Amino acid sequence: MNYTLHQLKIFLAIVEKRSITKASEALFLTQPAVSIQLKKFQD
């Protein structure tokens, strides 16, 4: 369970925005990049 700060920021953005797409826009990342980091966070 070693989370990176980057993964935690992405997870927080997803929770706050309630959307992976909106979180990716807020973080200036692509949606696939956010989805990949969320998957790694879940594993």
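**View 1. Phe-41, a buried ring in a predicted model**. Let us start with Phe-41, whose relative accessible area is 14%. Since a residue under 20% counts as buried, Phe-41 is classed as buried. Phe-41 belongs to helix α3, which covers residues 31-42.

**View 2. Phe-11 and Phe-41, a stacked pair**. Here the two rings sit 4.7 Å apart, centre to centre, with 25° between their planes. Phe-11 comes from helix α1 and Phe-41 from helix α3, so this pair links distant parts of the chain, 30 residues apart. Phe-11 itself is partly exposed, at 36% relative accessibility.

**View 3. Tyr-3 and Phe-41, a tilted pair**. A search of the whole structure finds two aromatic pairs, and this is one of them. The ring centres lie 4.4 Å apart and the planes meet at 35°, so the pair counts as tilted. Tyr-3 is found in the segment before α1 (5-17), while Phe-41 is in helix α3, so the pair ties together parts that are 38 residues apart in sequence. With a relative accessible area of 39%, Tyr-3 is partly exposed.

**View 4. The cluster of Tyr-3, Phe-11 and Phe-41**. Which residues do the ring pairs link into a cluster? They are Tyr-3, Phe-11 and Phe-41. Phe-41 pairs with Tyr-3 and also with Phe-11.

Methods:
Residues numbered from 1 in each chain as written. Predicted model: local features only at pLDDT ≥ 70, side-chain atom pairs only at ≥ 80, totals over all residues. Heavy atoms only, no water. Phe/Tyr/Trp six-rings, centres within 6.5 Å; stacked < 30°, edge-to-face > 60°. Helix = DSSP H or I, 4+ residues; strand = E, 2+ residues; numbered from the N terminus. Buried < 20%, exposed > 50% of the residue type's maximum accessible area, 1.4 Å probe, protein only.
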